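The stops below are given in the order in which they may be selected.

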Amino acid sequence: MEQREIMQRGVGILTEALEMRRRLRENPDADVTGNGAVSKLLEEMLPHIQLPADASAREVADIVTGKLGPAIVQITSALTFAFVQLAEVHDEGRTDVSSADVLRSISLRHETGTEG
């Protein structure tokens, strides 16, 4: 999966969380459940790992770290980038731009290949 797609999916997860929070604020008794976007992203990105039957605990840890590490770094980088963008707007005290606007902008930049 390309970093562009990971970023867009990460933004989708954050956008979904914002919407769920908005609905809960409007109606605290609402049944608000996600669409499983986090689970889907992890299923698609995390590799299946086969371990040798005679592997030691250390070998298992090394294998798992080596296989999962790159995907975890990609996902974390995407979510961190989005968080920083949101935090900058917040810290600047901007009231003309909503969190949803910032997330939409990030998604569009990555869709068109003008990341940054």
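Predicted model: local features only at pLDDT ≥ 70, side-chain atom pairs only at ≥ 80, totals over all residues.

**Stop 1: helix H3 and its partners**

Begin with H3, whose buried residues pack against H1, helix H2 (37-45) and H4. Helices here are DSSP runs (H or I, at least four residues; strands are E, at least two), numbered from the N terminus. Contact means heavy atoms within 4.5 Å, and buried means under 20% relative accessible area, with exposed over 50% and partly exposed in between (1.4 Å probe, protein chains only).

Residues are numbered from 1 along each chain as its sequence is written, and side-chain values use heavy atoms, with hydrogens and water left out.

Select next Ala 71, Ile 75, Ala 78, Ala 82, Gln 85 and Val 89, the buried residues of H3. In general, an α-helix has 3.6 residues a turn, so residues three or four places apart point the same way.

Now display the axis of H3 (residues 57-91): the helix bends by about 40 degrees at Leu 68. The bend at a residue is the angle between axes fitted to the seven residues ending there and the seven starting there. Just after H3, Gly 93 takes a positive phi of about 75 degrees.

**Stop 2**

Within H3, centre the view on Gln 85. This residue counts as buried because its relative accessibility is 18%. Leaving aside neighbours within four places in sequence, Gln 85 is in contact with Val 102, Ile 106 and Arg 109.

Then move to Ser 107 in helix H4. Is Ser 107 buried or exposed? Ser 107 is buried, since its relative accessible area is 19%. With neighbours within four places in sequence set aside, the contacts of Ser 107 are Gln 8 and Val 11.

**Stop 3: the nonpolar core**

Which residues have the most contacts inside the largest nonpolar core? They are Met 45 and Ile 106, in a core of 14 residues. H1, H2, H3 and H4 each supply at least two residues of this core, and H3 gives the most, with five. A nonpolar core is a set of buried Ala, Val, Leu, Ile, Met, Phe, Trp, Tyr and Cys residues joined through side-chain atoms within 4.5 Å.

Select Met 45 and show its surroundings: not counting residues up to four places away in sequence, Met 45 touches Met 1, Ile 6, Ala 71, Gln 74 and Ile 75.

**Stop 4: the largest pocket**

Select Thr 15, Leu 18, Glu 19, Arg 21, Arg 22, Arg 25, Ser 98, Ser 99 and Ala 100, which line the largest pocket. Helix H1 (3-26) and helix H4 (99-112) are the elements that give two or more residues to this lining, and H1 contributes the largest share, six residues. By class, the lining has two nonpolar, three polar and four charged residues; Ala, Val, Leu, Ile, Met, Phe, Trp, Tyr, Cys and Pro count as nonpolar, Asp, Glu, Lys and Arg as charged, and the others, Gly among them, as polar.

The space in the largest pocket is about 200 Å³. On a 1 Å grid over the protein atoms alone, a pocket is an open set of points where a 1.4 Å probe fits, with protein on both sides within 12 Å along at least five of seven lines; lining residues have an atom within 4 Å of a point. A volume is the space filled by probe spheres set on the points.

One of the lining residues, Ala 100, lies in helix H4. Ala 100 counts as partly exposed because its relative accessibility is 32%.
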